[in-house]
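Here is a friendly briefing to read alongside the model. Take a look at the fold, and then we can walk through it topic by topic.

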Amino acid sequence: MPENKLQAIKYADGQLQLLDQRLLPYETVYLDVPDPKAAWQQIKDMVVRGAPAIGVTGALALAVHLISGGRGKQYASVQACLDDVASTMDYLVTSRPTAVNLADSAVKLKAVAAEAAAQQGATAETVTAAVVAAAEATLEQDIAANKAIGAAGAAALLSAVAARGKANARPGGKVTVLTHCNTGSLATAGYGTALGVVRALHEQGRLERCYACETRPYNQGARLTAFELVHDGLPATLLVDSAAAALMAQGKVDAVVVGADRVVANGDTANKIGTFSHAVAAAAHGIPFFVAAPTTTLDAGLATGEEIEIEQRPAEEITHFKGQRVVVEGIDVWNPCFDVTPGRLVEGIITEEGLVPRDSGSGSHKVAAFMAARQQAQAANGTAVPRPTSSVSALDAAGVVAFLAGRPQLAKHVGPAGSEGSWDVKEVGDGNINFVYIVTGPSGGVCVKQALPYVRCVGEGWPLSCDRARIEAEALALEHKLCPQHTPQVYLYEPASSVIVMQLLGPPNVILRHAIVQGGTFPHVGRHTGEFLAATLFSTSLLAMDSRSFRQMQVRFTNPDLCALTEQVIFADPYAQAAINRWTAPQLDEAAAGLRADTEAKAAISVLKRKFCCSADALIHGDLHTGSIMVTADSSVMIDPEFAFVGPIAFDPAKIIAELLIPYFAADGHEAAQGAGSRAGQRVWLLQCIVDVWETFSSRFLELWSAKVAADGGAAAGDLSPGALLGAAADNGPAALASCQQAFVAGLWADVLGFAGAFIIRRLVGIAHTADMDSIADADVRAACELRALRFGRHLLVQGAATYKGVRELTAAAAAARQVDGLPADTAAEAPAAAALGVQ
């Protein structure tokens, strides 16, 4: 490319430089980019900006890395080369998550590497050469695409103006155009997207004037676009962002054209903050509003703009000027870098391959169909390349640090800028589904949870929607609102990477299951869990909500993938020949076979499955087990509600009760290794904990219910408990309320017993076991404990509802079930004869 002082990117055979756009228009300084780490930092710090330029920079940073490392000689194998290409691009993508072009570059270059590796005789050197060539080609490809966008955009804009009867409103048929932010040579490899349209109009003699908004708070329009317009000798006027609507009202704007950082399937567009305001103003004045973007910016993997992560910039961009604070201390700041313009406000999306078709009925744009047709055409002529989708790549320790460091609002919880090298990252996931990282540093720490598009304990062979991360983040936020003392705070949910960043529950907090395995006891956890269950389950039920809000909540928390997983692993697999089932063999072979032939158990589990699928009672946690509770001696916090959906209330208390019964039966196995009586105190505590869970939950639930009916004379009651029927002023209202509550709790308890039995069974012969039993080293001892628990679980599933009318009867029966095999009672209160209680 010929020398041009407006080049944002200079590159020549492994040497990359970026124009420091932070210094424009006063200084023209180029910074060296010697490695991907420097590229990541310069992209983050906005040395280079603009989605196309960022995408090209990432690709060329990889080329620099591969060339300086040895052009392939640095790798011991082809696979080592592939791994380095993938990890380097995944790292660079974390620098600016909103712009999709960088992710597009990553996907394409990884595909080039994979294709080169598949060639006969491939070596690390040949793979490296192919990737470097593809990376270097992005520079010229972007310039060619921009010129095509300019030509297509000029034609579309002139046509739209003519359609509004304004083709000859100005001398020579010229038009005035308003633009926002910087979308020219400084935001791309050259020429520009939206500013490329302006340049094309000028080249055709059809540009009357370009109005450039200053683009607060970073002033890309005032600093950069104005600089480009003056440099090219284009007729131009600069205005503040808030003056655009007034300018339109005076009839001085014929069209608006802006760039984009991401355009999703329906045409919703993420662009620099302020774009949405211009779109609304243009619609109000009948002015066509266009988005100009290369196809690399189109992301059909996201359905709507609601799924786009919006980056937050530092507050200092608003509160300071030239390093001096100009805003009063103590004021909060909201400084989003981007906003999302609804597709219905966009007249046309201009790409290098023409305009994206628009649905005339809904006003949305057919981005997915456009991209599919493009892919088909490329496949036909052999030029198809992969596109980024909504699937995500796993973060490793370095990726987690980069993710946090690139977001100041998160990094502040871990350490100040520049301290990233001292941060400690540990993967601590205790569950079977997701990955969990604990990140600590000088200022404290955070918990980072990532959902990948598969089941963790199985792998890619069991796909799973990443939408579960959204559901978990929203469920946590709601639970924190309803029960803040027992729920962590969420700091960020990012759809693009399926990452949740939340409050770190550091030492002395421990996972309850781990502590139980070690012999620990926690006197308050049962009561705390009951309080959490009452607060969250009552408040999200129709006993507290109106039906319209309740149905909206159902839609919001539709969770089909994880519900289907639950239906399979709890309500089906343990009773069938399933390849993923496992148990202690051969000791439990006969018991497992017995379940597969057990007609009573199959009938009972089928009834429970129907209730799970059809009973929409409240927003349930869905996976409340001892691995989902963080505890100290005085506190208990419930985590991990990725299984949340609107389902049967009995499910949550049943699950935690089952997960306390399992270590109760496992304690004998640990005692066998540690000495007689060593776990007696823990067994007593576990049974008391079960009592505390149910009695706290049920009593508090009824208290909340009664208070809701009593509030405002019953007007505040939910639609399932109307004050007109059950309130104090209703005929026999209080008696009717008491009758409803008694029936409700009785029915709930019956379901709790059945569900609890099902949960015990699945932990012993299904896919996912727990450390309570699995950590018992002696297989024969472990199998004996498991068999006692399995028999009791089957008993609860089939006979529990008809046998036990209260939680204390349940715990007494569990104690008796231990004694069937001659084990001693821990207390005199736990010594009733097993036969008297009907335990089989």
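**Backbone and overall build**

Asn 219 is partly exposed, with a relative accessible area of 21% (partly exposed lies between buried, under 20% relative accessible area, and exposed, over 50%, using a 1.4 Å probe and protein chains only). This is a predicted model, in which local features need pLDDT of at least 70 and side-chain atom pairs count only at pLDDT 80 or more, while totals for chains, interfaces and linings use all residues. Residues are numbered from 1 along each chain as its sequence is written, and side-chain values use heavy atoms, leaving out hydrogens and water.

**Positive phi angles**

- Most residues other than glycine have a negative phi, and most peptide bonds are trans.
- Asn 219 has a positive phi, near 60°, and sits in the loop between β5 (207-213) and α7 (220-232).
- Met 46, also not a glycine, has a positive phi of about 65°; its loop runs between α1 (36-44) and α2 (51-69).
- Met 46 is buried, with a relative accessible area of 2%.

**Cis peptide bonds**

- Pro 507 and Pro 508 are joined by a cis peptide bond with omega near 10°, and Pro 508 belongs to the loop between β23 (499-503) and β24 (510-511).
- The bond from Ala 585 to Pro 586 is cis too, with omega about 5°; Pro 586 is in the loop between α18 (560-571) and α19 (589-596).

**Fold and domains**

- The chain contains 28 helices and 28 strands (DSSP runs numbered from the N terminus: H or I of at least four residues for helices, E of at least two for strands).
- Four domains are given: domain 1 (9-141), domain 2 (145-376), domain 3 (397-483) and domain 4 (510-819), with bounds from an automatic or database domain assignment.
- The centres of domain 2 and domain 3, taken over C-alpha atoms, are 34 Å apart.

**Size, packing and surface**

- Along its principal axes, the C-alpha trace spans about 100 × 75 × 55 Å.
- Of the 840 residues, 55% are buried.
- Among contacts (heavy atoms within 4.5 Å) with a separation of 6 or more, 73% are between residues 24 or more positions apart.
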